[in-house]
Amino acid sequence: MTTASEIRASARQQLREALLDAAREITVTAGWQRLRMGAVAARVGVSRQTLHSEFGTRDALGQALIMRETQHFLNGVAECLERHPGSLGKGVREAVEYTLERAAEHALLRTILTSARGGDDSLLPLLTTRSEPVLHAASTALCAYATAQYPHLDPDHVAEVVDSVVRLTVSHIVLPAEPPDVIGRRLARLVLNALDLPDEDLTAE
């Protein structure tokens, strides 16, 4: 039987998702610089105070929005890794390629990057200079996979290598220079070399 506390928690989660959906829609259509807390609350049909009670500040709302989108990416990354048990190079290659391809077609991310190039970089730091929550989530997922597949590796060394690869992937999202498949193979090779793992055939299957 569902308890009253569970019902309240479910209702709050539904409200939170609705507020994030509204913030995402406004950001994609009008740009983050035009997003106002009152407009987000009005779109959902709640008071501005309710919105502030849930997220606190506009900046915190932006962080929550980025983190939710990051989780969607991580779900896809996890699927890529799971398709290559015992093959870290192939797993990383596919995960990086997936991330870069999805980022290129991702409406919210595209809005953030193009807005920054147009002079509004208010949301971009959440992906770059103040992106620690995003980077931590991505690094944790990849570290868990690597240590499970290769338990003999030093966890601290794995964490250092993974952190570098995740940051490099984000840099290629922000400033793409080469095709995703090229970057995927390059970063996968970097991981194998840094962790002193056997070379792998990294051509796409």
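Reader: Which helix holds both Arg102 and Glu105?
Author: The side chains of these two residues, Arg102 and Glu105, form a salt bridge with an N to O distance of 3.4 Å. The residues are three apart, about one turn of the helix. Both belong to helix 5 (residues 88-105).

Reader: What is the N to O distance in the salt bridge of Glu178 and Arg186?
Author: Glu178 is partly exposed, with a relative accessible area of 35%, and Arg186 is also partly exposed, at 42%. Their side chains meet in a salt bridge whose N to O distance is 2.7 Å.

Reader: How many residues apart in sequence are the parts that Arg189 and Asp199 tie together?
Author: The side chains of Arg189 and Asp199 meet in a salt bridge at 2.2 Å, N to O. Arg189 lies in helix 9 (residues 180-194) and Asp199 in the segment after helix 9, so the parts tied together by this pair are separated in sequence by ten residues.

Reader: Which residue is linked with Arg12 and Arg16 in a network of salt bridges?
Author: Side chains of opposite charge can pair when their charged atoms come close. Here Arg12 and Arg16 are joined in one network with Glu54.

Reader: Are helix 1 and helix 3 roughly parallel or roughly perpendicular to each other?
Author: Helix 1 (residues 4-30) packs against helix 3 (residues 48-55) with axes 11 Å apart and an angle of about 105°. Angles of 65 to 115 degrees count as roughly perpendicular. The two helices, helix 1 and helix 3, are therefore roughly perpendicular.

Reader: How many residues of the contact of helix 1 with helix 3 are charged?
Author: Helix 1 contributes Arg12, Leu15, Arg16, Leu19 and Leu20, while helix 3 contributes Thr50, Leu51, Glu54 and Phe55. Of the residues in this contact, five are nonpolar and one is polar, and the charged ones number three.

Reader: In which helix is confidence lowest?
Author: The protein has a mean pLDDT of 86, with 88% of its residues at 70 or more. Confidence is highest in helix 2 (residues 37-44), at 96. Where pLDDT is low, the predicted coordinates should not be read in detail. Confidence is lowest, at a mean of 62, in helix 6 (residues 107-117).

Note on methods. Residues numbered from 1 in each chain as written. Predicted model: local features only at pLDDT ≥ 70, side-chain atom pairs only at ≥ 80, totals over all residues. Heavy atoms only, no water. Salt bridge = Lys/Arg side-chain N within 4 Å of Asp/Glu carboxyl O. Helix = DSSP H or I, 4+ residues; strand = E, 2+ residues; numbered from the N terminus. Buried < 20%, exposed > 50% of the residue type's maximum accessible area, 1.4 Å probe, protein only. pLDDT = per-residue confidence, 0-100. Axes fitted to C-alpha atoms, helices over the stretch in contact; angles between N-to-C directions. Parallel < 35°, antiparallel > 145°, perpendicular 65-115°, else oblique. Contact = heavy atoms within 4.5 Å. Nonpolar A, V, L, I, M, F, W, Y, C, P; charged D, E, K, R; others polar.
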